[in-house]
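Keep the sequence and the model open while reading.

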Amino acid sequence: MFSKFTSILQHAVEALAPSLPLQEDFVYHWKAITHYYIETSDDKAPVTDTNIPSHLEQMLDILTQEERERESGETGPCMEYLLHHKILETLYTLGKADCPPGMKQQVLTFYTKLLAHIRQPLLPHINVHRPVQKLIRLCGEVLAAPTENEEIQFLCIVCSKLKQDPYLVNFFLENKSKKPETRSPGGAEGVKESVLAPDTGQPPAEEQAAAAASSSSPTSNNNNNNNYNLVSSLLNLTKSPDGRIVVKACEGLMLLVSLPEPAAAKCLTENTELCELLTDRLVAFYKALPQSMDPLDIETVESVNWGLDVYNLKEDAAVFTGKRALISFLSWLDYCDQLIKEAHKSAAAVMAKAVRERFFVSVMEPQLMQTSEVGILTSTALLNRIIRQVTSEALLQEMVYFLLGEEKEPEAAATVTQNPLRHRLIEHCDHLSDEISIMTLRLFEQLIQKPNQHILHSLGLRSLEERNYLENKPQEEREPLENGQPHDAVDLEEDPLFGDDLPPDSRLSGSDWLSSSPPQSPDHSKSEGKTEVHKIVNSFLCLVPDEAKSSYHVEGTGYDTYLRDAHRQFRDYCGVCQRWDWRGNPKPFEKCNLEIPFFEGHFLKVLFDRMGRILDQPYDVNLQVTAVLSKLSLLPHPHLHEYLLDPYINLAPGCRSLFSVIVRVVGDLMLRIQRIPDFTPKLLLVRKRLLGLEPEGINIDHMTLLEGVIVLEEFCKELAAIAFVKYHAAASSSP
C-alpha cells in the first residue's frame, strides 16, 4: 500500500516539476531503477509493487520521442547512453534473476517494445544483439511459464526484424565451442553486484575478444558447431498448452525458415530439432485417427488452414467420429507444407526428405500395403486427401518418389514389381473391391493433375518414349496381312463403323496434330486440315453404333457439351506443362530405339484392361476409369497424344492403343445387343434415370451392360472433343 502511494506521489511530482532535457530525464529514470537495488532489502515483493515498470515505460517513451525529433537514422544522446552503458545487458541480468519477482516479464516487454517502436536498426549493435541473444535463451525454458505470452511476443519481434534484414541472422548463430555463460550469483545479492559494478561503458577483456570475434565476421564460424537458439526457443514454445502461443511460435518459425542466408538454413536443419518436430507431430496426429473412416467424410471435410481450426468438439463428434482428429492432422499437414514452401531451398529439401522417411515410409507405407480392405480403403482415402493438399514443390517431389519410385528408364513386364508400393497401388486400380478400385483411381487422377513431371513420366511417358508401339518395318518384313492389315490391327477402312472412305493420304499423323509450324506442302491448306480433324473427330463419334446410342433422344447431351470443359482443362494443362520443354512433334523414328519390345507400362495396362471390361463393370468404376484416361488424353505431349487419340496409327504386332481397345469393346457390344430384346428403349430409360429425368422403377435386365454402353458413348464424345480442342489449339498457335 505504501509503495503504491509512493508511486502516485512520484508521478504527481514529475508532472509538476519543470521538464528536464531528454537525456537527463532518461538518466534519471535509469538511476531510479538501479537505486532500487542498492536501497531495497526486500527482494520478495513483486515488481508491480515498485516503480520499476513506470520508469521502464518512461525510458521507452523518451527513446521514441527522441527518434521522432531527429532525422532518420541519426542516433540521439539517450540511445547513445543506452548502448554505451550496456543498459540492455544489465536488464537481462535482472530479468534472468527475476528479482524482484516479475522482473523477467518487465524486461521482455521492454526489449519487445524497444525493438518494435524504434525505427533505426538496433540489432547490428553488439550491445543490443548480444543481450538479445542471451534473453532468447531464457525463452521457452519452462513449459506453461507465466511469462510465455511476453516470451513469444519478444521472439516474434526478433524474427520480424531478421526478416527485414536477413544478414543479421548470422549474429544469432552461436558457436557451440564458445565458453558457456558463467552463472551470476542468484537473488538480490547477485543483482546488486551487477548493478554496482563500475560502469565504464567498456566490456571486460574476455568480452572484448568474444565481441571482436563475433562482430568481425559472423559467417566465418563452422556451421556444424553453431547453435540456433532462436529456433530452439520457438520449438519449445510450440509445445505450450496454450494454442495461441503455439500459433505464434509457428509463425515465428515460418519467418525464420524463409530467410535467404545459406548458413542459417544449414544450421536450421542440422543443429535444431525442427525436422523432428514437424514429423513427430504429423505422425502423432495421423496415429490419433480412427482405424476406419468413411472415404466420403475424408474427402468432403472442410479444408482448414493451419492455426485457424476453431472447433466445437460436440458438433464435430455429431458429424462423424474422428472429425476433430482429421482436422488436426490436415491442419498440421498444411503447416508442414507451407513451411517447406516458404523455406530456403536447401532447408526445404531436407525437411521434405524427413517427412518422406519419418512419415510416409515409416507410417503410411505399412498402412497402404496391408491386406485388410477396410484399412486399405481408409489409408488410400487419406493419401488421396494428402496429395490434394500438398502444394510445396519439395514435399510433392518426395511424396511422388515415395509413391512411384525414382526410376526413369522404360518399364518392362518383368520389372513392374521392382517398386512394391507402386505395384500395389496400381494393382489396387483393378481390385476385387470396387470401392478400393474407385478410390485408388481417384488417387491417380489427383496425382496426374499435380504439377510434377516425374508423375507423368513414371506412369506413361517413359513407356512411350521410343514410339515402339508403331509398325516401322519395311513392307516385306511385316507379318502376313489379313485383308490388307496385320492380323491383330484395327482396320478402320474395312470396319463397317467407319465407312467414311478416308484415303490414306488424308490421315492426320501425330506430328501434324501438335506441330506449331504450318504444313510445308502448298496443297495441304489449313482448311483441308480442319476437314481431316473433323474426320478424326467423327472416328470417335461413330465408334458406338447408332442402335447403341441414346444421347440424341435427350436434349443437351450432344458432343458439343464437352468442348468447353475440354478447352478449359487443356488450357490449364498447357500452363502447367509449358515449363517441361515437351517437344511439339514426336521423336523422329531414326532417333528411336525400335529394337526394345513395346510394353505399355503397368499403369496403362491396368487402365486398358479395365476399359476392355467396361460393359461388365459397375457404373461408378467406369466413370472413374474414363475420367483418368481423359485426363491423360488432355496432356499436351505428342507421344501420349499419338498413342491415345490418333485412330490411324499403324500399331506394331501385339500392341494395342486406346482406340483399338474401344473398337474391340464395340465389336463385343454389337454381338450382345442382338441377344437383348427391346435394347434401345431400355437404354433410353436407363439414361433418363441416370439423368434424374425418370423416377426409379422396376429393375431392368442387363443394367450393368446398359450403363456401360452409356458411359462408352459419353467417353467417345469426350475424346472427340479433346481431339478437336487440341488440334485447334495447335492450329491457332501456328504463325
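## A cis peptide bond

Pro100 sits in the loop that runs between helix H5 (87-97) and helix H6 (103-117). The peptide bond joining Cys99 and Pro100 is cis, with omega at about -5°. Keep in mind that this is a predicted model.

## The chain as a whole

The chain has 735 residues, and 53% of them are buried. It contains 32 helices and four strands.

The accessible surface of the chain is about 34100 Å². Carbon and sulfur atoms account for 52% of that surface.

## Two loop residues with positive phi

Ala144 is not a glycine, yet its phi is positive, at about 55°. The residue lies in the loop between H7 and helix H8 (148-164). Its relative accessibility is 46%, so Ala144 counts as partly exposed.

Asp678 is another non-glycine residue with a positive phi of about 55°. Its loop connects helix H30 (658-673) and H31. Is Asp678 buried or exposed? Asp678 counts as exposed, because its relative accessibility is 56% and the cut-off for exposed is over 50%.

Val132 belongs to helix H7 (residues 126-138). Its relative accessible area is 0%, so Val132 is buried.

Which residues does Val132 touch, leaving aside those up to four places away in sequence? They are Tyr111, Leu123, Phe154, Val158 and Phe172. Phe154 is 22 residues from Val132 along the chain. The C-alpha atoms of these two residues are 9.4 Å apart.

## Two enclosed helices

Helix H23 covers residues 453-464. Eleven of its twelve residues are buried, so H23 is largely enclosed by the rest of the structure. The buried residues are His454, Ile455, Leu456, His457, Ser458, Leu459, Gly460, Leu461, Arg462, Ser463 and Leu464. They pack against H20, helix H21 (420-428), helix H22 (434-448), helix H27 (602-612) and helix H29 (638-645).

H29 is one of those packing partners. How many of the eight residues of H29 are buried? Eight of the eight are, so H29 too is largely enclosed by the rest of the structure. The buried residues of H29 are Pro638, His639, Leu640, His641, Glu642, Tyr643, Leu644 and Leu645.

## Salt bridges

The structure holds 31 salt bridges. One of them pairs the side chains of Arg356 and Glu398, at 3.0 Å from N to O. Arg356 lies in helix H18 (residues 345-369) and Glu398 in helix H20 (residues 393-404), so this pair ties together parts that are 42 residues apart in sequence. Both Arg356 and Glu398 are buried.

Arg687 and Glu713 form another salt bridge, with the closest N and O atoms 3.2 Å apart. This pair also links distant parts of the chain. Arg687 is in helix H31 (residues 679-690), Glu713 is in helix H32 (residues 703-732), and the two are 26 residues apart. Arg687 and Glu713 are both buried. Elsewhere, salt bridges with shared partners join Lys353, Arg356, Glu398 and Glu406 into one network.

How do the two partners stand in terms of exposure? Arg244 has a relative accessible area of 65%, so Arg244 is exposed. Asp242 has a relative accessibility of 24%, so Asp242 counts as partly exposed.

## A negative patch

Which residues form the negative surface patch? They are Asp294, Glu373, Asp434, Glu435 and Asp620. Glu373 is in helix H19 (residues 373-389). The relative accessible area of Glu373 is 44%, so Glu373 is partly exposed.

Definitions and conventions. Residues are numbered from 1 along each chain as its sequence is written. This is a predicted model: local features need pLDDT of at least 70, side-chain atom pairs count only at pLDDT 80 or more; totals for chains, interfaces and linings use all residues. Side-chain values use heavy atoms; hydrogens and water are left out. Patches are made of residues with over 30% relative accessible area and no salt bridge: like charges are joined within 9 Å, nonpolar side chains (Val, Leu, Ile, Met, Phe, Trp, Tyr) within 5 Å. Accessible areas come from the Shrake-Rupley method with a 1.4 Å probe; for residues, only the protein chains shown count as cover. A salt bridge is a side-chain nitrogen of Lys or Arg within 4 Å of a carboxyl oxygen of Asp or Glu. Lys and Arg count as positive and Asp and Glu as negative; His and the chain ends are not counted. The place of a charge is taken as NZ of Lys, CZ of Arg, CG of Asp or CD of Glu. Buried means under 20% relative accessible area, exposed over 50%, partly exposed in between (1.4 Å probe, protein chains only). Contact means heavy atoms within 4.5 Å.
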